[in-house]
Every structure is written in structure tokens, then in C-alpha cells.
Protein chains: 2
Amino acid sequence: MEVINRYVTVKTQINGEPKESDFEIKSTPLVLSAEPGSNDVVLKNLYVSIDPYQINRLKAFSSTQKTSGYATAITPGQVIDAYGVAKVVASGNPEFEKDDLVVGMITWGEYSVLTGQYMLRKLDPMGFPLSYHVGIFAFSGLTAYAGFFEVCKPKKGEKVFVSAASGSIGHLVGQYAKQFGCYVVGCAGSKEKVALLKDKLGFDDAFNYKDEPDLKSALKKYFPEGIDIYFDNVGGEMLEAAVSNMNTFGRIAACGVISEYTDSSKRAAPDMLEIVYKRITIRGFLTADFMNLYPDFLSATVDHLRTGTLHTLEDISTGLESIPQAFIGLFHGGNVGKKIVKLGDE
Amino acid sequence: MEVINRYVTVKTQINGEPKESDFEIKSTPLVLSAEPGSNDVVLKNLYVSIDPYQINRLKAFSSTQKTSGYATAITPGQVIDAYGVAKVVASGNPEFEKDDLVVGMITWGEYSVLTGQYMLRKLDPMGFPLSYHVGIFAFSGLTAYAGFFEVCKPKKGEKVFVSAASGSIGHLVGQYAKQFGCYVVGCAGSKEKVALLKDKLGFDDAFNYKDEPDLKSALKKYFPEGIDIYFDNVGGEMLEAAVSNMNTFGRIAACGVISEYTDSSKRAAPDMLEIVYKRITIRGFLTADFMNLYPDFLSATVDHLRTGTLHTLEDISTGLESIPQAFIGLFHGGNVGKKIVKLGDE
């Protein structure tokens with residue numbers, strides 16, 4: 001059987017903020033079969049993850065990304081790979097059978113053709129929505145869990161600040177921190193998000209950073225006794241303000257730098273004198289280094305979800321055409337929680 | 001017996017780079033006796049330490065220093081306390097007797113009068129010059145040792161970069177790192193200093209940062225395989241350049257920020273994206289947190305000095321009048337190794 005596979009790609013390397021005209025939808029005929037013994041699989045994509053880090057693969061390229069082995073470049077016109085859930089349509093790999101649900105690196109397309117080496121495993125939904133396996137049970141969840149527990153090394157009663165707190169990772173960090181016994185304040189970019197953090201997710205407090213003319217003073221107000229842990233999703237000015245409000249032996253987990261991805265002039269210049277005197281640690285991390293924690297993370301998270309002590313926020317758009325706007329929106333606070341695009345029905 | 005005690009103080013809070021006119025020498029009559037049972041001691045100062053961090057106590061004051069408990073402010077006109085070696089002239093404290101050699105917090109003066117709580121202990125010179133007890137056996141040495149071994153957590157064969165490498169701490173860090181089995185490159189601010197690092201101290205390589213129009217490229221040249229450990233004494237642009245040349249899981253020990261002490265516009269803005277992708281850790285530290293390592297440090301360092309496998313660089317001026325210039329020189333690379341002023345003879 002032959003279909004037309006439509007997929008999203010970029011026309012050119014992205015410069016600055018992504019915009020609709022950077023993207024195009026391409027179509028290509030696809031035969032829904034796989035050579036037996038070939039290892040190839042053909043998937044019908046169901047849910048795909050929309051992540052800020054993809055901008056680093058789509059923009060003009062720095063030497064870092066070239067050498068780090070993460071966030072490898074995507075050539076304009078090329079299919080864009082992304083984490084997601086799919087259903088096997090045809091398989092040359094004995095590990096997968098037609099109609100199996102799978103999770104792993106698929107594509108921003110209606111179908112994925114995976115050949116050579118790929119990262120894919122069979123999915124047991126465990127009674128949860130398939131989208132959970134793109135968000136909370138995938139990198140967003142593990143990043144929040146590993147970043148908070150392993151990188152921040154919290155102690156009960158410590159004061160925790162989370163930026164982008166209603167985002168895919170931040171909203172989980174805040175809840176893990178509350179359950180653990182920390183005092184948690186989050187910041188977000190709208191009144192509605194702030195209300196959500198306080199009313200639904202149990203943050204001790206939250207504020208809209210857009211309403212704060214001076215971030216240093218804002219943090220001083222929300223943390224009169226100082227910040228012990230800062231889970232940093234944004235970089236830039238907020239990082240500087242957090243450093244100046246950190247307590248001695250404070251820890252900063254550098255998880256993402258969304259404020260700097262599209263404008264490198266917004267680089268944080270934290271006061272190194274404060275870093276020395278207050279013995280602050282700033283540690284960058286990637287979730288891929290903490291895969292060993294996955295079983296612990298999964299069992300804790302499943303329990304919390306089943307007992308209703310953890311809420312996951314998802315922001316799901318529908319249809320391939322919605323991918324560019326879903327992605328662009330990440331850089332304007334367009335999403336509440338994990339941004340996912342639903343591409344097809346099970 | 002009454003003498004005139006002369007001491008160095010500042011006329012006003014220092015703004016920017018320190019200059020001769022910021023300082024003055026004051027005189028005050030002093031009776032060389034101590035009330036029995038009073039705990040007071042009167043010391044004749046012999047050697048006193050001249051350290052860059054003192055600028056942070058002498059300049060207009062930030063909230064950090066107020067709250068950190070370190071580098072407490074010095075009011076203009078006030079006696080300036082500093083680490084040094086002295087001889088007891090009179091003592092109301094049964095722990096100390098006249099003519100005892102002592103080491104601890106004394107003053108930038110010819111005599112010190114210590115009352116209330118003070119930090120002082122009897123000194124056993126162990127056959128080494130008294131000045132060694134102000135430099136290598138004191139904070140400079142322990143900072144180098146604890147900073148390198150505990151904060152940087154080196155592995156044999158790792159590539160180590162040291163800034164201000166001919167300074168009081170840097171020249172020791174480089175030698176500890178070489179002895180441990182690392183590859184070590186230092187930077188300094190003159191041809192003579194660079195020669196000293198390579199020829200006398202055994203650094204694998206060294207360069208004059210003033211000859212390098214582009215610090216990033218310079219580091220790329222000296223570390224074609226990247227930097228694993230950066231022992232940062234300077235902050236600013238050099239920190240940015242180091243971050244962009246770090247390897248994955250690189251560690252930066254933030255020991256001092258001399259390039260930023262007198263000009264906060266020179267703040268480093270390291271690329272946080274590189275910090276995340278390369279999982280770099282930046283950790284500020286203060287030597288006071290590592291006093292537990294002092295016995296290990298001392299025994300290792302004494303052994304190395306006795307076997308001639310460690311060289312200490314000292315830069316000693318003579319006389320109270322030389323203190324202002326000795327201090328000012330620190331901010332212009334005026335010193336080679338530990339800057340000390342000799343105030344009197346034993």
C-alpha cells in the first residue's frame with residue numbers, strides 16, 4: 001500500500017526567533033512495507049513532542065553542538081526527528097510487529113521510516129493516556145526528577161525557585177520539590193499560569209515575571225530568607241537575579257536556557273563574586289546522563305499519578321499543520337505544560 | 001613602655017582601582033603592656049599578607065559581603081586586619097607568652113593590639129622562613145590544595161588550565177596538578193612570568209594573555225583536546241573563553257575574580273548553552289570551608305618542599321610604607337607569587 005507522507009521541515013537555517021515562514025510541509029510517496037530482515041520499521045505517528053531544544057538543531061550552528069554529540073544539526077529540507085509515540089505499520093525488525101505501540105525517536109511527520117540505528121521500544125501504556133509517554137513518562141519527567149534530586153541534591157525545608165514553572169519540566173520540578181518537603185516558588189509569564197501553579201499544583205507561591213520591573217527585588221520579596229536551590233530553565237536575567245538571592249552553598253541546576261536560544265545577546269552575566277563568596281554551584285546537565293534513574297523515577301511517578309498527588313499539564317494541538325505554531329509558541333510562552341502534537345488516532 | 005604605632009588605613013571607600021591617594025599612614029601612641037587576665041595581646045608584626053580580596057572590604061559595599069560573613073567591611077580610618085606572623089610583646093592571655101612567635105589575623109601596622117575574640121595560634125616555623133607561614137603554609141597554599149583536589153576532583157591525565165598562574169595561588173595549583181599527573185597550562189601577564197612557569201615550575205606550557213588578541217583561540221591552541229579543569233582566579237573574559245574550550249563534564253573552580261573586583265562592567269557572561277550541553281560545573285569556594293584538610297595539606301606540602309619538588313614564589317617588600325603600593329600592584333600584575341610585606345625583624 002502506498003500513501004503520501006507529509007512532514008514538517010525548515011526551508012533554511014533559523015535565525016533568531018522561529019517564524020511560520022521558516023517552515024514548510026513536504027509530501028513524499030511512501031510504501032507501507034519493510035523488507036524482511038532489513039531492520040527497517042515504518043510507523044504511523046500518533047503523538048510527537050515539541051521541545052525548545054530543537055531550535056539549537058535548526059539554527060546556524062555553533063561548535064558546541066557539533067562536538068557535544070547532542071542536538072545534532074538538521075539540514076534544511078531534512079526530516080526532523082523528535083520523541084514520540086507511534087504504531088507499527090510494517091516491520092523488518094523481529095522485535096516489532098504490525099500494530100505494536102512504540103515510543104522513541106520518530107519524526108515531525110505523519111509517518112516515520114526508521115532505518116539503520118534508531119531508538120525505539122515497545123510501549124506498555126500502563127493504563128495512562130498515550131500522550132503521557134511523550135511527556136511525563138519521557139524526557140520531561142526524567143529531567144525534572146533527575147535534575148531536582150540528583151543535580152540539586154535537596155534537603156527538606158530548603159527554599160526552591162523554579163523558572164518557566166508552568167512549562168513541561170518546571171511544573172513537575174515544583175511538585176516533586178513540594179512532595180519532598182521544600183518551600184517552592186515558581187515564576188511564569190501570565191496571570192493564568194500563576195494561578196495554576198498556586199491553585200492546582202500546590203506551589204507555595206508564584207509570580208508573573210512580566211509584572212516585575214526588577215527581578216532581583218521580586219526574588220527578594222518571594223524569598224526573604226534566600227534561595228537554596230534554583231532550577232533554571234531560562235538563563236539570562238533571571239539567572240543573574242537568582243544568583244544575587246542565593247544562600248550560601250546554593251545550587252543551580254542549569255537545565256535549559258530558553259531566553260538565550262534565540263538571542264545570544266541576552267546572555268547571563270551572574271556576579272562571580274557572589275558565586276565565590278556564597279560558594280554557589282552552577283551545574284549544567286543533560287537527562288541522557290541519568291537514564292539509570294529511569295526505573296526509580298517511573299515507579300515514583302506512576303504512584304503519585306495514581307494517588308492523585310501529582311498533576312501533569314499537557315498542551316496538545318492536533319494535526320501535522322499545527323507543528324510550526326506549536327514550536328514557535330514555545331518561545332512566547334504559548335504552552336501550558338508539555339507541548340505535544342497529536343498526529344493520528346490509535 | 002610606650003611606642004608610636006604606625007598603621008595603614010584608607011581615607012575613604014575605594015572606588016574602582018585602588019590608588020596611592022586612597023591610603024594614609026596613621027600614628028597612635030601605644031603602651032606595650034596587657035592587663036593580666038584580660039585576654040588582650042600586643043604583637044610586634046613581622047610579616048603581613050597582601051591579598052586582592054581586601055579590595056572587597058575597602059570598596060563601596062554590596063549586600064553579598066554584608067551577609068556572607070566573609071570580607072566584612074572596613075570603615076575608612078579603621079585599622080585593617082590581615083593574616084600575618086608576629087611576635088608577642090605583651091599578653092594577658094595565658095596561652096601566649098612574651099617573645100612567642102604567632103600566626104593569625106594581625107594588622108597592616110607595626111604593632112597589633114588584639115582584644116576580644118581573635119584568630120591567633122603559636123607558630124612552629126619547622127625550619128622554614130617565617131614568610132612561608134604567611135603564604136604557602138597559610139591560605140594561599142590551602143586554597144590551591146583544597147581548590148584543586150576537593151573542588152576540581154582531578155583525574156590523572158586530565159588537562160588543567162590555571163589563570164593568574166604566577167600568582168600566590170596559581171603557581172601552587174599548577175605544581176600540585178603536575179605532581180598529580182595532569183597536563184597543565186598557565187597564563188600570566190608578562191614574558192618573565194611565562195618563562196618562570198615553564199622553566200622553574202614545570203608547567204607543560206604557559207602563555208602571556210596580553211599577547212593574545214582572542215582568548216578563545218589562544219586556549220584552543222594550547223588545549224587542542226579541550227580543558228577538563230579550569231582553576232579560575234580571574235573571572236571576566238578568560239572565564240568565557242575557558243567555558244567555550246571546556247570538555248564535557250568539565251569542572252571550573254571559581255577561586256577569585258580579580259578582573260571584576262575593581263570593574264564590575266567586566267563581568268563574565270559564560271555561554272550557558274555550552275554549560276548545559278557540556279554538563280559543566282562552576283563551583284565557587286572559600287578556603288575556610290576546607291580547614292579539615294589542613295593537616296593533609298601541610299604534611300604533603302612540607303614533604304614536597306623538603307624534597308625540592310615544589311617551589312614557592314614570594315614577592316616581599318619591606319616596611320610599612322610599602323603596603324599601599326604592594327596592594328595596588330596586585331591589580332596590575334605587579335607581584336610574582338605571594339605578595340608579603342616584611343614589617344620587622346624577629
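**Before you start.** This is a predicted model, in which local features need pLDDT of at least 70, side-chain atom pairs count only at pLDDT 80 or more, and totals for chains, interfaces and linings use all residues. Residues are numbered from 1 along each chain as its sequence is written, chains are lettered from A and ligands numbered from 1 in the order in which they are written, and side-chain values use heavy atoms, with hydrogens and water left out.

**Stop 1: the interface.** Select chains A and B. The contact (heavy atoms within 4.5 Å) takes 38 residues from chain A and 38 residues from chain B. Together the chains bury about 3300 Å², and 62% of that is on carbon and sulfur atoms. Buried area here is the accessible area (1.4 Å probe) that two parts lose on being put together, summed over both.

Now pick A:Arg267, A:Met272 and A:Tyr277. In chain A, these lose the most area to chain B, together 22% of what that side buries.

Stop 2: Show B:Arg279 and A:Asp289. Their side chains meet in a salt bridge, 2.6 Å from N to O. The term requires a side-chain nitrogen of Lys or Arg within 4 Å of a carboxyl oxygen of Asp or Glu. Between chain A and chain B the count is 4 salt bridges.

**Stop 3: what chain A supplies.** Color chain A by secondary structure. Helices (H or I, at least four residues) and strands (E, at least two) are DSSP runs, numbered from the N terminus. Elements that each supply at least two residues of the side touching chain B include helix H2 (63–68), helix H7 (236–245) and strand S12 (246–254) of chain A. H9(A) gives the largest share, 6 residues.

**Stop 4: strand S13.** Select residues 281–284 in chain B, then S13(A). The two strands pair in the antiparallel sense over 3 bridges; pairing needs at least two DSSP bridges. Here A:Ile282 stands opposite B:Ile282.

**Stop 5: helix H7 of chain B.** Select residues 236–245. This helix is mostly covered, with 7 of its 10 residues buried. Buried means under 20% relative accessible area (1.4 Å probe, protein chains only). Among the buried residues are B:Met238, B:Leu239 and B:Val243.

**Stop 6: A:Ser49.** Find A:Ser49 in strand S3 (residues 41–49) of chain A. A:Ser49 is buried, with a relative accessible area of 2%. Not counting residues up to four places away in sequence, A:Ser49 touches A:Ala82, A:Tyr83, A:Trp108, A:Val134, A:Lys338 and A:Lys339.

Methods:
Buried < 20%, exposed > 50% of the residue type's maximum accessible area, 1.4 Å probe, protein only.
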